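Subject: Structure handover and findings

Hello,

Here is the structure for you to look over. My notes on it follow below.

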Amino acid sequence: QVQLVESGGGLVQAGGSLRLSCVASGSIASINALGWYRQAPEKQRELVAGISSGGITNYAYFVKGRFTISGDNAKNTVYLQMNSLKPEDTAVYYCVAGRYSTNRYEFHYWGQGTQVTVSS
């Protein structure tokens, strides 16, 4: 099992920035990818960004150029730097962990989520 603990959510005005962090613990050897999903009210969860242990990153089209995912393998931590935030970015953001191979993620572990609210 892998445990994920997120931090860094909060309330910010449109155009502002937030940085989310997630620390992974437990069976770290079983994973080689971390990422972030989000779920807005009455919407399905959607993948925001992912990063492999080798540093390969992928982004959803709606955050490209605004969000940056990065990782610290030594600290088993993944970050999501969110800039130029928009009200439509308001959602609960979940840290996820799993495997990455041949351009495909399989996330099996989920954190509890952290609320991000962007006011207009």
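Tyr 100 is buried, at a relative accessible area of 11%. Buried here means under 20% relative accessible area, exposed means over 50%, and partly exposed is in between (1.4 Å probe, protein chains only). Tyr 105 also counts as buried, at 15% relative accessibility.

This is a predicted model: local features need pLDDT of at least 70, side-chain atom pairs count only at pLDDT 80 or more, and totals for chains, interfaces and linings use all residues. Residues are numbered from 1 along each chain as its sequence is written, and side-chain values use heavy atoms, with hydrogens and water left out.

Aromatic rings

The structure holds six aromatic pairs. Rings of Phe, Tyr and Trp (its six-membered ring) pair if their centres lie within 6.5 Å; planes under 30 degrees apart are stacked, over 60 edge-to-face, and the rest tilted. Tyr 37 and Trp 110 make a tilted pair, 4.8 Å centre to centre with 50° between the planes. That pair links distant parts of the chain: Tyr 37 lies in strand E4 (residues 33-39) and Trp 110 in strand E10 (residues 104-110), 73 residues apart. Strands (E, at least two residues) and helices (H or I, at least four) are DSSP runs, numbered from the N terminus. Trp 110 counts as partly exposed, at 33% relative accessibility. Tyr 100 and Tyr 105 form a tilted pair, with 4.8 Å between centres and 50° between planes. Ring pairs join Tyr 37, Tyr 94, Tyr 100, Tyr 105, Phe 107 and Trp 110 into a cluster.

Two arginines sit over rings. A charge counts as over a ring if NZ of Lys or CZ of Arg is within 6 Å of the ring centre and within 35 degrees of the ring normal. The charged end of Arg 45 sits over Tyr 94, 4.1 Å from the ring centre. For Arg 19 the ring is that of Tyr 79, and the distance to its centre is 4.0 Å.

Disulfide

How many disulfides are there? The count comes to one, taking a disulfide as a pair of cysteine sulfur atoms within 2.5 Å. Cys 22 and Cys 95 form it, with sulfur atoms 2.1 Å apart. The torsion about their S-S bond is about -85°, so the disulfide is left-handed. It links distant parts of the chain: Cys 22 is in strand E3 (residues 18-26) and Cys 95 in strand E9 (residues 91-101), 73 residues apart. Cys 22 is buried at 1%. Cys 95 is buried at 0%.

Nonpolar cores

A nonpolar core is a set of buried Ala, Val, Leu, Ile, Met, Phe, Trp, Tyr and Cys residues joined through side-chain atoms within 4.5 Å. The largest core has 30 residues, and Leu 4, Trp 36, Leu 80, Met 82 and Tyr 93 touch the most other members. Elements giving two or more residues to this core include E1, E3, E4, strand E5 (46-52) and strand E8 (77-82). Apart from it lies another core, of seven residues, among them Ala 33, Val 96, Tyr 100 and Phe 107.

Contact means heavy atoms within 4.5 Å. Not counting residues up to four places away in sequence, Leu 80 touches residues including Leu 18, Leu 20, Trp 36, Phe 67 and Tyr 93.

Buried arginines

Arg 38 is found in strand E4. Is Arg 38 buried or exposed? Arg 38 counts as buried, at 6% relative accessibility. A polar contact of 3.0 Å joins its side chain to that of Tyr 93. A polar contact is a pair of N or O atoms within 3.5 Å; within protein, one must be able to donate a hydrogen and the other to accept it, and residues adjacent in sequence count only if both atoms are side-chain atoms.

Arg 66 lies in the loop between strand E6 (57-59) and E7. Arg 66 is buried too, at 11% relative accessibility. Its side chain reaches the backbone oxygen of Phe 62 at 2.8 Å. Leaving aside neighbours within four places in sequence, Arg 66 contacts residues including Met 82, Ser 84 and Asp 89.

Gln 1 is in the segment before strand E1 (2-7). Gln 1 counts as exposed, at 62% relative accessibility. Beyond neighbours within four places in sequence, Gln 1 is in contact with Ser 25, Gly 26, Ser 27 and Tyr 109. The C-alpha atoms of Gln 1 and Lys 43 are separated by 28 Å, and the two residues are 42 apart along the chain.

Best regards
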